[in-house]
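Open your viewer and keep the selection panel at hand. Please walk me through what to click on, stop by stop.

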Amino acid sequence: MQNAMFDATTLLLSRTLGYSLRRHKVIAANLANVETPNYKAKDLPFAAVLKSAVVRGRSDRTRAPHFQEPRLVLDVTGEVRFDGNNVNNENEMIKLTKNSGLFSTASQLIKYKFSSLSRAISSSRGA
Amino acid sequence: MASFSAIDISASALAAERFRMELIAQNMANINTTRTADGGPYRRKEAIFASLGTGVFSRHLKSAQMQGVGVAGVVVDQSPPKLIYNPNHPDAHPDGYVRLPNINPVTEMVNMIAASRAYEANVAAIMNYRKMAERAMEIGRV
């Protein structure tokens with residue numbers, strides 16, 4: 001039987017929230033080390049994480065699945081400066097904003113899901 | 001999962017950038033200082049940053065990837081002092097030249113702007129995180 005409260009969608013959304021938080025940490029670390037010699041920018045690529053989450057979300061039944069830790073990769077898009085650092089401030093700020101948007105979307109969707117559940121419960125009570 | 005939380009990472013950068021800003025202010029304040037405790041003119045100082053969490057312990061914890069930043073040390077600029085000919089100055093050498101600090105105000109101003117922008121970027125990261133935390137709290141408010 002499908003559990004209405006904790007189905008694949010909720011799990012997927014909660015995993016998205018977890019991923020978003022983890023990526024925020026990576027971006028914050030990049031921004032913190034914008035002036036550190038020889039520091040190389042890091043990233044958690046979204047596509048690979050989403051794919052693994054979707055595949056897992058579909059195969060779930062009742063147990064909470066083990067979410068594979070997304071792998072940190074070196075972000076090589078930025079140019080390496082003379083101090084060996086390749087953090088691009090603007091690029092990191094854009095990533096920060098995009099990531100925050102993803103978090104908002106996922107949290108809003110979870111909120112809607114719960115509020116519709118709540119409405120379903122209270123409407124049966126009213127009749 | 002990480003020894004540093006998101007806020008701690010950004011906060012470490014704020015502290016480091018503030019320290020850098022203090023050194024720049026010190027350099028600017030001492031731009032004409034000809035007497036120091038070590039003798040000779042004041043010498044320009046610069047902060048060296050290093051990622052935190054690169055120690056053996058955190059490397060084993062596999063959490064070293066998320067690093068804050070810290071001030072690894074302060075280095076003294078070894079470039080030669082500026083020479084200004086002024087035999088009447090009390091600190092003038094016998095040749096009539098006064099040794100002034102090796103500080104270029106333009107360099108200091110550029111570094112100051114860089115430090116200021118880096119500080120702002122980290123403040124933005126903290127505010128972003130706070131907004132995310134607020135959104136997460138809204139999930140429970142049905």
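This is a predicted model: local features need pLDDT of at least 70, side-chain atom pairs count only at pLDDT 80 or more; totals for chains, interfaces and linings use all residues.

**Stop 1**

Colour by chain, then by secondary structure. Start with chain A. Three helices and two strands make up its secondary structure. Followed along the sequence, chain A reads α-β-α-β-α. Of its 127 residues, 39% are buried. Take the contacts in chain A with a separation of 6 or more: 77% of them come from residues 24 or more positions apart.

Now switch to chain B. Here there are three helices and four strands. The order along chain B is α-β-α-β-β-β-α. Buried residues account for 34% of the 142 residues in chain B. For contacts in chain B between residues at least 6 apart, 63% link residues at least 24 apart.

**Stop 2: α1(A) beside α1(B)**

Select residues 8-32 of chain A and residues 6-29 of chain B; these are α1(A) and α1(B). How far apart are the axes of α1(A) and α1(B)? The two axes lie 9 Å apart, and the packing angle is about 5 degrees. α1(A) is therefore roughly parallel to α1(B), as the angle is under 35 degrees. Show side chains next. From α1(A), pick A:His24, A:Lys25, A:Ala28, A:Ala29 and A:Ala32. They make the contact with B:Ala6, B:Ile9, B:Ser10 and B:Ala13 of α1(B). By class, the contact of α1(A) with α1(B) has six nonpolar residues, two polar and one charged.

**Stop 3: α3(B) against α1(B)**

Colour the contact of α1(B) with α3(B) by residue class: expect 19 nonpolar, five polar and four charged residues.

**Stop 4: α3(B) against α1(A)**

Keep α3(B) and bring back α1(A). Which way do α1(A) and α3(B) run relative to each other, parallel or antiparallel? They are roughly antiparallel. The angle between them is about 170 degrees, and their axes are 10 Å apart. The crossing of α1(A) and α3(B) is left-handed.

Show the side chains on both helices. On α1(A), select A:Leu17, A:Ser20, A:Leu21, A:His24, A:Ala28, A:Leu31 and A:Ala32. On α3(B), they meet B:Ala121, B:Asn122, B:Ala125, B:Asn128, B:Tyr129, B:Met132 and B:Ile139. This contact of α1(A) with α3(B) has 10 nonpolar and four polar residues, with no charged ones.

**Stop 5: the cores**

In soluble globular proteins, nonpolar side chains tend to be buried together. Which residues have the most contacts inside the largest nonpolar core here? Select A:Ala32, A:Val87, B:Ile9, B:Phe49 and B:Val69. This core has 15 residues. The elements giving two or more residues to it are α1(A), α1(B) and β1 (45-51) of chain B. α1(B) gives the most, with four residues.

A second, separate core has seven residues. Among them are A:Leu13, A:Leu17, B:Met132 and B:Ile139.

Zoom in on B:Phe49 in the largest core. Leave aside its neighbours within four places in sequence. From chain A, B:Phe49 is in contact with A:Glu35, A:Thr36 and A:Pro37. Its contacts in chain B include B:Ala16, B:Glu17, B:Arg20, B:Val69 and B:Gly70.

**Stop 6: B:Met132**

Now centre on B:Met132, which lies in helix α3 of chain B. Is B:Met132 buried or exposed? B:Met132 counts as buried, because its relative accessibility is 1%. Setting aside neighbours within four places in sequence, B:Met132 is in contact with A:Ser20, A:Leu21, A:His24, A:Asn99, A:Ser100 and A:Phe103. B:Pro101 is 31 residues away along the chain, and its C-alpha atom is 47 Å from that of B:Met132.

**Stop 7: A:Asn38**

Finish at A:Asn38, in the loop between α1 and β1 (42-43) of chain A. A:Asn38 counts as exposed because its relative accessible area is 57%. Check its backbone: phi is near 70 degrees, a positive value in a residue other than glycine. Most residues other than glycine have a negative phi.

Key: Residues are numbered from 1 along each chain as its sequence is written. Chains are lettered from A and ligands numbered from 1 in the order in which they are written. Side-chain values use heavy atoms; hydrogens and water are left out. A nonpolar core is a set of buried Ala, Val, Leu, Ile, Met, Phe, Trp, Tyr and Cys residues joined through side-chain atoms within 4.5 Å. Buried means under 20% relative accessible area, exposed over 50%, partly exposed in between (1.4 Å probe, protein chains only). Contact means heavy atoms within 4.5 Å. Ala, Val, Leu, Ile, Met, Phe, Trp, Tyr, Cys and Pro count as nonpolar, Asp, Glu, Lys and Arg as charged, and the others, Gly among them, as polar. Axes are lines fitted to C-alpha atoms, for helices over the stretch in contact, and angles run from 0 to 180 degrees between N-to-C directions. Angles under 35 degrees count as roughly parallel, over 145 as roughly antiparallel, 65 to 115 as roughly perpendicular and the rest as oblique. A crossing is left-handed if the near helix is turned anticlockwise from the far one by less than a right angle, and right-handed if clockwise.
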